[in-house]
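Try each task before you read its solution.

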Amino acid sequence: MILSMLARRPVPAVAGLAVALALPWLIYPPVAMDIACWALFAAAVDLLLGFTGLLSFGHAAFWGGAAYTAGLIALHTGLPFPAAVLGGALLAALLAVPIGYLSVRLRGIYFAMVTLAFAQMVYFVANQWRDVTGGENGLQGIPRELFGLDLSDPFYFYYAGLPFVLAGFFVAWRIVRSPFGRVLVSIRDNPARARALGYPVDRYKLLAFVLSAALSGVAGGLFAISHGFASLQEVYWTTSGQVVMMVVLGGIGTLWGGALGAALIVELNDRLATAGFEETGIITGAIFMLVVLVFRRGIWGTVRHLLASRAGASRAAAPEPSDNKPANSDTLSDARA
Amino acid sequence: MLEQAFNGLVSGSFYALLALGLAVIFGMLGVVNFAHGAFYMLGAFGAFILLDSFGVNFWVALFVVPIVLGLAGIALERLFIQRLAPLDPLYNFLLTFGLALILQDVVKHRYGVQSQPYPRPFGGSIDLGLFTYPAYQVFVLAVSLAVCGTVWLVLTRTRVGMIVRASTERPELTRALGIDVARWVSPVFGFGIALAAFAGVLAAPMRAVNPLMGADLIITVFAVVVIGGLGSVFGSVAAGFAVGLVSALGNLYVPALSQTLVFILMAAVLLWRPAGLFGREEAL
């Protein structure tokens, strides 16, 4: 499956794969695993934000819900960890159905607020349902079972978990490139026209929301297994904000950019934590404000813009925003253009 | 039970003041201010710092803190919010989210997460016929109702209010009628922030003063605003008190739902009226 990706975009795909394989040699392996999980999470959020035009501020519900589910499956059933991760993803997808159903009818800022509120509801449930989630202590001692293999070394676990992340990226990439993905982009750019062409806009949005939640669930489940615990932090709204920050920093609507954003933020948080600086919000918040104010294309978006402008207008990057919008409606996804 | 209902109305006072500030800001600027909870927290800390370091009492703080933070809000609008105003409003949502993280962690860095003590400006209790109630809580409820009522009167009965409402509903047309809409944007933003700070000062003597006090509250207030109808000033205030009341009564009968009830309420409202109870469908 990776082969078709290689055939279409050889250089970035090979480079990305090489970096992903080399990562635990370059940096501390548990941090490498964190980066991989957050990268997939960011790609899942970008699927919604960059390609459907929906800013979800509640994806912590899916990441955290899957983290708890994967943890519970691994703790209580002793199934191999891939089953736990997929179970987490399944729960995330199921949770996304009612939340998405109620949220996709709203647009823009309303959608962000409502998803945020529903995620907070999941947080409160996790906090109060102590018998299952462990409340403020979280779930501890989650095993990493894989047919008796010893995966306690984070270095080896990275390679056991990486296929999930790569598969998740592949699915996200396939979705974006599929006819379904093209419809999503058209809904982002001009929902009225998409509806006029006969597409059930809300149903498309809901499906995108559920798919995005499922991918976030894979990432969150893997995160819980890799850390050996799941805590309330995973369902808290700062987690939703952090992943959005990674997407914006990497470049909205670039899919791969989120991985760059994830790498930078995770690495930064790790350095700050090592230095004993706990109030990371001061730094990450400032970066966020700066990016939003002056660097809205993000890293990957800027690179792509420079490449595109060098190559001239003839070789424009693939999903260009349509030209038939009013000039002043600078929507979120336009920043990359 | 009546006492529980009264507790609910007192929490509702804070929801209403915060939701009111969010609603006027949203109405005028189209911006949802994520940092609103952080400014509420700063209001409480402002009162605490004034008392702790300068010996300034509650009554002075109740005026000084909202004015200072309101001016800070005006500066914030001029420096940052305005630059993003022509873009998608989600950018300002993200900007204020970043700001909320900064403000919260700056205070945490300085004061830690433990709660700071703040004495009540007056003790005693009031006999309300069926039960006695702490006088300070009665005062909070009365002040909140008075402030919300005053804002309502200003918006509906004065020239300033007329301009603000007109700019909210039809900015282009208002501009065409020769009114300088842009002039009112910063003051309205500052006023919304001042309301949050005012609520924070009011909360200092009865709620735990700590850096996280605004973080969870703001999301509940978002739910309140969605229930009331974003951009509807009356809806926000009414929903604020209603949510306080319903949560308190819910707590009495189904304690397990005490924190989630407001979100269940929001889901129900979204099913029935996506624009909120008092919102207009066109605003969606």
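For the first exercise you need one convention: a helix axis is a line fitted to the C-alpha atoms over the stretch in contact, and the angle between two axes runs from 0 to 180 degrees between their N-to-C directions. Keep in mind that this is a predicted model.

**Exercise 1. A helix pair across the two chains**

Task: Work out how helix α6 of chain A packs against α9(B), and which residues meet there.

Solution: 
- Start with the geometry: α6(A), residues 108-128, and α9(B) pack at about 125 degrees, and their axes are 9 Å apart.
- Next, name the arrangement. Angles from 65 to 115 degrees count as roughly perpendicular and those over 145 as roughly antiparallel, with the rest between them oblique. That makes α6(A) oblique to α9(B).
- Then take the handedness: this crossing of α6(A) and α9(B) is left-handed.
- Finally, list the residues. From α6(A) come A:M113, A:V114, A:L116, A:A117 and A:Q120, and they meet B:I219, B:F222, B:A223 and B:V226 of α9(B). Sorted by type, the residues of this contact are eight nonpolar, one polar and no charged.

**Exercise 2. The side of chain B that touches chain A**

Task: Find how many residues of chain B are in contact with chain A, and which helix gives the most to that side of chain B.

Solution: 
- Count first: 37 residues of chain B contact 37 residues of chain A.
- Now look for the helices. In chain B, α3, α4 (89-111), α9 (213-228) and α11 (261-272) each supply at least two residues to the side touching chain A.
- Pick the top contributor: α4(B) gives the most, with 16 residues.

**Exercise 3. A helix pair inside chain B**

Task: Describe the packing of α2 and α3 of chain B.

Solution: 
- Helix α2 (residues 36-54) and helix α3 (residues 58-84) of chain B pack at about 135 degrees, with axes 9 Å apart. That makes α2(B) oblique to α3(B).
- The crossing of α2(B) past α3(B) is right-handed.
- The α2(B) side of the contact includes B:F39, B:L42 and B:G43, while the α3(B) side includes B:F58, B:A61 and B:V64. Over the whole contact there are twelve nonpolar residues, two polar and no charged.

**Exercise 4. B:H36, buried or exposed?**

Task: Decide, then say which residues B:H36 is in contact with beyond its sequence neighbours.

Solution: 
- Locate the residue: B:H36 is in helix α2 of chain B.
- Apply the cut-off: B:H36 has 28 other C-beta atoms within 10 Å, so it is buried.
- Skip the neighbours within four places in sequence, and the contacts of B:H36 are B:L18, B:G21, B:L22, B:A196 and B:I218.

Terms used
Residues are numbered from 1 along each chain as its sequence is written. Chains are lettered from A and ligands numbered from 1 in the order in which they are written. This is a predicted model: local features need pLDDT of at least 70, side-chain atom pairs count only at pLDDT 80 or more; totals for chains, interfaces and linings use all residues. Helices (H or I, at least four residues) and strands (E, at least two) are DSSP runs, numbered from the N terminus. Angles under 35 degrees count as roughly parallel, over 145 as roughly antiparallel, 65 to 115 as roughly perpendicular and the rest as oblique. A crossing is left-handed if the near helix is turned anticlockwise from the far one by less than a right angle, and right-handed if clockwise. Two residues are in contact if their C-beta atoms, placed from the backbone, lie within 7 Å. Ala, Val, Leu, Ile, Met, Phe, Trp, Tyr, Cys and Pro count as nonpolar, Asp, Glu, Lys and Arg as charged, and the others, Gly among them, as polar. A residue is buried if 20 or more other C-beta atoms lie within 10 Å of its own, exposed if 12 or fewer, and partly exposed in between; C-beta atoms are placed from the backbone.
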